[in-house]
Amino acid sequence: MMRRVLLLLPGLAFVASLASGGEREHGAAPGRDCGVPRELVEDEPRLPGLAERLHAKQPVVITVIGGGSTTGAAAGGPANAYPHWLEAALRRRHPQAQITVINLGIARQTTEDMVQRFAAEIYPSRPNLVIWETGTVDAVRGTDIDDFTAALESGIAALREHNSEVMLVDMQYNSGTASVINFEPYLDALHQVADLHDVYLFRRFDIMRYWSAEGMFDFVDVSKENRAALAAEVYECLGENLAEAVDFAAQ
Amino acid sequence: MAGPVPEGGRDVRLDFFRGLSLIFIFIDHIPENFLSYFTVRSIAFNDAAEIFIFISGYTAALVYGRSLRQSGALLATAQIYRRVWQLYVAHIFLFVIFTAEVSYTLIAIQSPMYAEELGVGDFLQAPHIAIIRALLLDFQPPFLDILPLYIVLLGCFPPVLLALEKYPLVPVCVSAALYALTLARGWALHTYPADHTWFFNPLAWQFLFVIGASLGYAAVDEHHVSRVPTWLSRLAAVIAAGVAVISLSWTLHWVFDPFPPLLAKQLWNHTIDKTNLTPLRLISFLALAASVVHFVKRDNAFLEWRATRAIVVCGKHSLYVFCLGILLSVLGHFILTEFYGGIGTEIAVNLAGIALMIGAAALFEWFKAASRRPRHAAGPVPATPSE
């Protein structure tokens, strides 16, 4: 199976953005233009529980669990990671709400590894929203696709049982990886599971590909000394767009 | 499956559908390819790999079965191993080209955001081990996984062939038992690096190959009519149609979100495990194959069309065309990521690839015919079936 055609084609997404008057998201914070077409962040389903809390100005706890890109290691650490920028952007957008984002990223963990950590690390803090970034390590290791799917499904069910709303984040995009790692089946499975279980999926892969196709970021020709700076910028932009997505879903 | 095969005659449908599967494999191997909405996986739970392996089993039994009858077990076995050797060399050739391509792209991926997760450094840090592992079919980079399967299946084929001659039903029963045990016990073959397994689990996929071989061997005997009973054809057609509706609804759902994906919650989970050839994929493929055999007879007029002939020629030279297709999909993906120009470029790249595959096949066909024909001699050359 394949993912949705609109997002299969960055060109089409671009055309769609032209058709809608060239509207792009513009976060206030990042120093550079990293807006994306609305279709890439404004998606179903919504997050009614989070919306209610934000509306009532109650404290909100968001836990982000994920791999190496969630830790922000490439940009120097959690202070430059996208969860950090997500927190900053959400606080800016909701000055009256008390918003906390907890970063539980650990590099090189499979989906199953992360599910094993839920009980000890996620449930005790009773997060209102869990943002789950996964899939990369499973693709790299070649986890059986049905084991990967089963782990995802059990994780989503467990988080919901503990009264957290769930959001998924898919892989990072790089044009070169496809020849080394067979990402597509895992990306497809992630999207299918999100669709079947009504989970909002943040399209990091499509967003980064859009930036790459539009020449807004160059992920390939980066000199060694500029790599950390590039990673920091990308994470900031991702955090901003993720905040946009959370905000949209929590309306 | 097929009706009696006249001696020396060739069931063109085998070539056609094998050629078609090669073209589908080329299209499906270009990541995120728009045209993959139009390959068999959009209307079935299986994809082109099942077609390829099934027809490979069928033709192996047909070709080496005749050889067994005419020249005995020793020669037939020798011929099988000559083929295994050809496949092996082709695989290593592909691996070398692939490694060159990957070495270049790895440098690009060394950017910090990927290095951490991918651990790509490991890949070329120990090239001596990677090469040895590749020679042992133990290291299978993405998309170089179907030839190792074919090599192993064909390497184990001689005893199956001998068994087919004596007890036609025994191989498929043993094979079914192995398949069932593999699924039940989760048996898998490990590859390098240590925690990887074969993408195509040979213990599961052998079942499809042996089903193909059993039917193919039945076709060796021209007096032996192995027709599919009418009720079975009807059942197969009903199943294939049902699967097509469900599968198409899933495809449409991804294109257009509000379209409901029928039974996705119940079935989708059971169709994704290509590694172990899940029963749903197997049933979907067998129903599709039986329906096609029922509706497309050997003498169907469409097999004479020009476009059809081009695909038939691809199927006749399947090994070369397969290898070329794999290289072209890597190249096509490279072109699409470097010079993305929208859907037009994408279709152009696909069409160019298919044209190259057909062109190469036509060249092989010409070469084969020209080499065989004695100088100045006219007249038909007896057609010998090639696997």
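At what angle do H1(B) and H16(B) pack, and how far apart are their axes? The two helices pack at an angle of about 145°, and 11 Å separates their axes; axes are lines fitted to C-alpha atoms, for helices over the stretch in contact, and angles run from 0 to 180 degrees between N-to-C directions. The model is a predicted one, in which local features need pLDDT of at least 70 and side-chain atom pairs count only at pLDDT 80 or more, whereas totals for chains, interfaces and linings use all residues. Residues are numbered from 1 along each chain as its sequence is written, and chains are lettered from A and ligands numbered from 1 in the order in which they are written.

The model scores ipTM 0.79 and pTM 0.86. For chain A the mean pLDDT (the predictor's confidence in each residue, from 0 to 100) is 85, with 86% of the residues at 70 or more. Residues 4-28 of chain A have pLDDT below 50, and this stretch has 52 contacts in the model beyond near neighbours in sequence; two residues are in contact if their C-beta atoms, placed from the backbone, lie within 7 Å. Chain B has a mean pLDDT of 85, and 86% of its residues reach 70 or more. The pLDDT is under 50 over residues 1-8 of chain B, where the model has 22 contacts beyond four places in sequence. Residues 380-385 of chain B also have pLDDT below 50, with 8 contacts beyond near neighbours in sequence.

The secondary structure of chain B comprises 16 helices and 2 strands, where helices (H or I, at least four residues) and strands (E, at least two) are DSSP runs numbered from the N terminus. Of the 387 residues in chain B, 45% are buried; a residue is buried if 20 or more other C-beta atoms lie within 10 Å of its own, exposed if 12 or fewer, and partly exposed in between, with C-beta atoms placed from the backbone. Among contacts in chain B between residues at least 6 apart in sequence, 75% join residues at least 24 apart.

Helix H16 of chain B (residues 343-372) has 30 residues and should span 44 Å at 1.5 Å a residue, in agreement with the 44 Å between its end C-alpha atoms; the expected span is 1.5 Å times one less than the number of residues. Buried positions in H16(B) are B:Glu346, B:Val349, B:Asn350, B:Gly353, B:Ile354, B:Met357 and B:Ala361. An α-helix has 3.6 residues a turn, so residues three or four places apart point the same way. The buried residues of H16(B) pack against helices H1 (12-28), H14 (306-316) and H15 (318-338) of chain B. At the contact with H1(B), B:Asn350, B:Gly353, B:Ile354 and B:Met357 of H16(B) meet B:Leu22, B:Ile23, B:Phe26 and B:Ile27. These residues divide into 6 nonpolar, 2 polar and no charged; Ala, Val, Leu, Ile, Met, Phe, Trp, Tyr, Cys and Pro count as nonpolar, Asp, Glu, Lys and Arg as charged, and the others, Gly among them, as polar.

Chain A contains 11 helices and 5 strands, and 55% of its 251 residues are buried. Residues 24 or more positions apart account for 79% of the contacts in chain A with a separation of 6 or more. Helix H9 (residues 184-196) of chain A has 13 residues and reaches 18 Å from its first C-alpha to its last, close to the 18 Å expected at 1.5 Å a residue. H9(A) is mostly covered, with 10 of its 13 residues buried, including A:Tyr186, A:Leu187 and A:Leu190. The cover includes helix H7 (136-141), H8, strand E4 (165-169), strand E5 (200-202) and helix H10 (204-213) of chain A. Just after H9(A), A:Asp198 takes a positive phi of about 50°.

H8(A) and H9(A) pack at an angle of about 30°, with 10 Å between their axes. A:Ile145, A:Phe148, A:Thr149, A:Leu152 and A:Glu153 of H8(A) make this contact with A:Pro185, A:Tyr186, A:Ala189, A:Leu190 and A:Val193 of H9(A). By class, the contact has 8 nonpolar, 1 polar and 1 charged residues. A:Ile145, which lies in helix H8 (residues 145-161) of chain A, is buried, with 20 other C-beta atoms within 10 Å. Leaving aside neighbours within four places in sequence, A:Ile145 is in contact with A:Pro185 and A:Ala189 of chain A and with B:Ile272, B:Asp273 and B:Thr275 of chain B.
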